[in-house]
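Thanks for coming. I will go through one model this morning, loop by loop and then sheet by sheet. Please have the sequence and the structure open while I talk.

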Amino acid sequence: MAKALLEMKHITKEFPGVKALSDVSLTVEEGEIHALCGENGAGKSTLMNVLSGIYGYGTYSGDIVYDGEICKFQKIRDSEERGIVIIHQELALVPLLSIAENMFLGNERGKKAKINWDETYFKADELLAQVGLKESSHTLIKDIGVGKQQLVEIAKALGKKVRLLILDEPTASLNETESRHLLDLMLEFKKQGMTSIIISHKLNEISYVADKITVIRDGAVIKTLDKKIDSFSEETIIQAMVGREISDRFPKREKNTVGEICFEVKNWNVDHPVFDGIKVCDNVNFNLRKGEVLGISGLMGAGRTELAMSIFGKSYGSNISGEIYLNGNKVDFPNVKSAIKAGIAYVTEDRKGNGLILSESITKNTTAAKPEKISKNWIINFDQEKVYAEQTAKEMHTKCASVMENVGNLSGGNMQKVLLGKWLFADPDILILDEPTRGIDVGAKYEIYLIINRMVAEGKSVILISSEMPEVLGMSDRIYVMNEGRMIAEMDAKDADQEKIMTCIINSGK
């Protein structure tokens, strides 16, 4: 029988008005990969924050036994000194520092307070190669996308003497190829004796990599499944997570709502805002119909986010050229405010960096995109604002103590619900969704899909950008495929499949 490396016994953690964890016990054996599953707000990340010392000893009840000793971690450095390293779902990198500087921040290479920069960059490049990131370690964090930043976080963790690696939604920003590379890397670490805990909503990935799965719901352990004796089927895991069966992952629309073309982009060109001569959108043409869900598929770095942001009030890029037509009329959105006024909304993939004000309440974030709805003569009606926020939170099933709670206190999935609710409050005619279900559990995904269907039933239109091909295929009416800044294919969703999309991408690069 394998040795228990970690035992968390009867852990209870409370926040004002909320019991986040209730008598949770978890055992992780040495050398295994143990997955934690549950809906957003179930308590998974909170449990790992207790383990890593983010919530220090004395702020919770229960015991942490690691390698046979009771541990009383007061801060994250205490757990790291014992070989426990956590990679959070929300990135913690300094934008204006290089990749290498971020990787060794607080863990500098050198002696006697003098940093050895040659060693720093050499070691950083080695670690980047291990996670498959082909990027110079001299590159600034602000100049790479969210997906690449996630890989930097993983490489950063490998730079420490890790014995227990905790990954919170590690593949959320990665495409399928990169995700599989990371999972295979975890399996390789396992062969080398490393123990891992992975939190993920991607059930196929968990089934592929995990030895055991512990399901947490409403702050309590529901069950632990062992691959040797239990079924790891998605149906089994989902039912434990949400307490009910979800028979259809992608709800069908009752009738065809697609009408005439309402939005069109012609000959759209965008240059990289930092590096001269790099074109991120190359003569892009596409159209969107009223009442349609238009999927845009492609690998990370294809230019999908850059396209969406440049259209949305030219909020990304330089030397932007091309034409936009709204309901047949040529329009120009010189800034974000003009795009919002025209009925365009953009749900960013980077909810923490660009989407929400973490230090403000759910209420303030909900009404931020269109404050004129709750004000008159620039005077805000705070009672009305709170009512709207409560209605939106109820509609989105956001788990919170109150809509006056700071958004920064929420789980990543509940932050995503607030972000989507913010743009629904703005009542747009065209909603651009950039990775809208990243880091979202299957139950919450289903709720977001229902909202998308409701919007198009009302005659609104949705552009869905997603790295999850099943999501694009399951929700879209029509699909564009993008690669290396160009639109390379257009197809009806009912004629599309993952193989056809990947074939288009591979052939376009030849």
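Let me start with phenylalanine 275, which is found in the loop between strand S13 (261-271) and strand S14 (279-289). Helices here are DSSP runs of H or I with at least four residues, strands are runs of E with at least two, and both are numbered from the N terminus.

Before going on, the provenance. This is a predicted model, in which local features need pLDDT of at least 70 and side-chain atom pairs count only at pLDDT 80 or more, while totals for chains, interfaces and linings use all residues. Residues are numbered from 1 along each chain as its sequence is written, and side-chain values use heavy atoms, with hydrogens and water left out.

Is phenylalanine 275 buried or partly exposed? Its relative accessibility is 36%, so phenylalanine 275 counts as partly exposed. The cut-offs are under 20% relative accessible area for buried and over 50% for exposed, with partly exposed in between, using a 1.4 Å probe and protein chains only. Together with Val274 and Ile278, Phe275 makes a nonpolar surface patch of about 230 Å². Patches take residues with over 30% relative accessible area and no salt bridge, joining nonpolar side chains (Val, Leu, Ile, Met, Phe, Trp, Tyr) within 5 Å and like charges within 9 Å. A salt bridge means a side-chain nitrogen of Lys or Arg within 4 Å of a carboxyl oxygen of Asp or Glu. The areas come from the Shrake-Rupley method with a 1.4 Å probe, and for residues only the protein chains shown count as cover.

Next, arginine 249, in the loop between helix H8 (234-242) and S13. Arginine 249 has a relative accessible area of 30% and is partly exposed. Which residues does arginine 249 touch, not counting those up to four places away in sequence? They are Glu234, Ile238, Val442, Tyr446 and Tyr449, where contact means heavy atoms within 4.5 Å. Tyrosine 446 is 197 residues from arginine 249 along the chain, yet their C-alpha atoms are separated by 6.6 Å.

Helix H8 itself has Ile237, Ile238, Ala240, Met241 and Val242 as its buried residues. Their cover includes S3, helix H7 (203-209), S11, strand S12 (220-226) and helix H15 (442-457). After H8 comes glycine 243, with a positive phi near 75 degrees.

That brings us to strand S3 (residues 33-37), where 5 of its 5 residues are buried. Ile33, Ala35 and Cys37 lie on one side, His34 and Leu36 on the other, and both faces are covered. S3 pairs in the parallel sense with strand S10 (residues 195-199) over 4 bridges, and leucine 36 has isoleucine 199 in S10 as its bridge partner. To count as paired, two strands need at least two bridges found by DSSP. Strand S11 (residues 212-217) also runs parallel to S3, joined by 4 bridges; there, alanine 35 is partnered by isoleucine 213.

Alanine 42 lies in the loop between S3 and helix H1 (44-52). With a relative accessible area of 1%, alanine 42 is buried. Leaving out residues up to four places away in sequence, alanine 42 touches Ala20, Ile216, Arg217, Asp218 and Gly219.

Now the hairpin. Strand S4 (residues 61-66) pairs antiparallel with strand S1 (residues 4-15) over 5 bridges, with lysine 9 partnered by aspartate 63 in S4. S4 is also joined by 3 bridges to strand S5 (residues 69-71), again antiparallel. S4 and S5 form a hairpin with 2 residues between them, and aspartate 67 in the turn has a positive phi of about 55 degrees.

Last, the open sheet of 6 strands, ordered S18-S21-S22-S15-S23-S24, with mixed pairing. Strands S18 (344-347) and S24 (486-492) stand at the edges with a single partner strand each, so one side of each lacks a neighbour in the sheet. From one strand to the next the twist averages 20 degrees. Axes are lines fitted to C-alpha atoms, for helices over the stretch in contact, and angles run from 0 to 180 degrees between N-to-C directions. S23 (residues 478-483) and S24 run antiparallel, joined by 6 bridges, and isoleucine 479 stands opposite methionine 491 in S24. Helix H17 (residues 498-508) lies across strand S15 (293-297), S23 and S24, at about 155 degrees to S24. Helix H14 (residues 412-425) lies across S18 and strand S21 (430-434), running at about 175 degrees to S18.
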